[in-house]
Amino acid sequence: MTDLTPGFQGRRRAVDDRVPPGQYLTDDFPVLSAGPTPSVKTDRWTFTVTSETGERRVWTWDEFAALPHETPTVDIHCVTRWSKLDTTWRGVSADTLLAGLETQADYVVVHSFDGYTTNLPFRDITDGRAWVATGYDGRPLHAEHGGPARFLVPHLYFWKSAKWVSGITLHTEDRPGFWERAGYHDYGDPWLEQRYQAGF
Ligand SMILES: Nc1nc2c(c(=O)[nH]1)N[C@H]1C(S)=C(S)[C@@H](COP(=O)(O)O)O[C@H]1N2
Ligand SMILES: [Mo]
């Protein structure tokens, strides 16, 4: 392969390094939902953060839209083995939603309007690693992909990125969510292939 330019080799290696073990790349955006797509109207949409002591922060759609937004470009990895590189979203960082909140919580549960839940360590939604996304690829987020708003935690398998998100609750103990109770891994690191729990 001595005829390849260093630049080409460099780019190829960089892409391979971004695909976790057991995953293949796709340019499609598959839709994976446990049930039908719920109709979530923005005029009745709210996002609620509830701390372990019951302190609540609630945003309406308009209040949420007024928060500072970011446009992260990230790679996403589904446990069904597809990965998609350089997806661009628009959303509010979880850091913004949690700023100044008094909490001793070590875990969060993300809640959705369809009843879906998923659990994460609290630290995994801090430091610019999680967003509530309302836009994808320059457009409002399509309902099939979780619109009007979904959670986005790209460093974990995509089932942790709850669609049609309604809020997060903070907890001092771990509370497994929908797929985690059905045998998916509690944490779901794609680089460690944490797909399913032992025993399922
Ligand atoms: N509310 C809700 N969120 C959800 C799901 C769901 O069924 N309901 N499925 C999860 C799973 S298993 C995956 S892989 C991703 C799929 O997101 P996509 O349909 O946008 O590709 O959403 C996750 N978030
Ligand atoms: Mo999934």
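Trainee: Which pocket does ligand 1 take up?
Mentor: The largest pocket. Keep in mind that this is a predicted model.

Trainee: Which residues come nearest to ligand 1?
Mentor: There are 20 residues around ligand 1. Pro30, Ala34, His145, Arg150 and Lys163 come nearest.

Trainee: What does arginine 150 do there, in terms of atoms?
Mentor: A polar atom of the arginine 150 side chain lies 2.7 Å from an oxygen atom of ligand 1.

Trainee: And where does the backbone come in?
Mentor: At leucine 32, a backbone N or O atom lies 2.8 Å from an oxygen atom of ligand 1. At serine 161, a backbone N or O atom is 3.2 Å from a nitrogen atom of the ligand.

Trainee: How much of ligand 1 does the protein bury?
Mentor: The protein buries 98%. That is out of the 530 Å² that ligand 1 exposes when taken alone.

Trainee: How does the shell divide into nonpolar, polar and charged residues?
Mentor: The shell around ligand 1 has 13 nonpolar residues, 4 polar ones and 3 charged ones.

Trainee: New topic. What does UniProt place at residues 35-179?
Mentor: An unreviewed UniProt entry gives the feature "domain: Oxidoreductase molybdopterin-binding" for that span. In this model, residues 35-179 are 8% helix and 39% strand.

Trainee: How far apart are the end C-alpha atoms of that span?
Mentor: The C-alpha atoms at the ends of residues 35-179 lie 13 Å apart.

Trainee: What about the backbone? Which residues does a cis peptide bond join?
Mentor: Glycine 147 and proline 148, with omega about 15°. Most peptide bonds are trans. Proline 148 sits in the loop between β9 (139-140) and β10 (150-152).

Trainee: Is phi of aspartate 86 positive or negative?
Mentor: Positive, near 60°. Most residues other than glycine have a negative phi.

Trainee: Where is aspartate 86 found?
Mentor: In strand β5, which covers residues 82-93.

Definitions and conventions
Residues are numbered from 1 along each chain as its sequence is written. Chains are lettered from A and ligands numbered from 1 in the order in which they are written. This is a predicted model: local features need pLDDT of at least 70, side-chain atom pairs count only at pLDDT 80 or more; totals for chains, interfaces and linings use all residues. Side-chain values use heavy atoms; hydrogens and water are left out. A residue is near a molecule or strand if one of its heavy atoms lies within 4 Å of it. A polar contact is a pair of N or O atoms within 3.5 Å; within protein, one must be able to donate a hydrogen and the other to accept it, and residues adjacent in sequence count only if both atoms are side-chain atoms. Accessible areas come from the Shrake-Rupley method with a 1.4 Å probe; for residues, only the protein chains shown count as cover. On a 1 Å grid over the protein atoms alone, a cavity is a set of points where a 1.4 Å probe fits but cannot get out, and a pocket is an open set with protein on both sides within 12 Å along at least five of seven lines; lining residues have an atom within 4 Å of a point. A molecule sits in a cavity or pocket if more than half of its atoms lie within 2 Å of its grid points. Ala, Val, Leu, Ile, Met, Phe, Trp, Tyr, Cys and Pro count as nonpolar, Asp, Glu, Lys and Arg as charged, and the others, Gly among them, as polar. UniProt positions are given in the numbering used here, feature names are shortened, and annotations may be inferred rather than shown by experiment. Helices (H or I, at least four residues) and strands (E, at least two) are DSSP runs, numbered from the N terminus.
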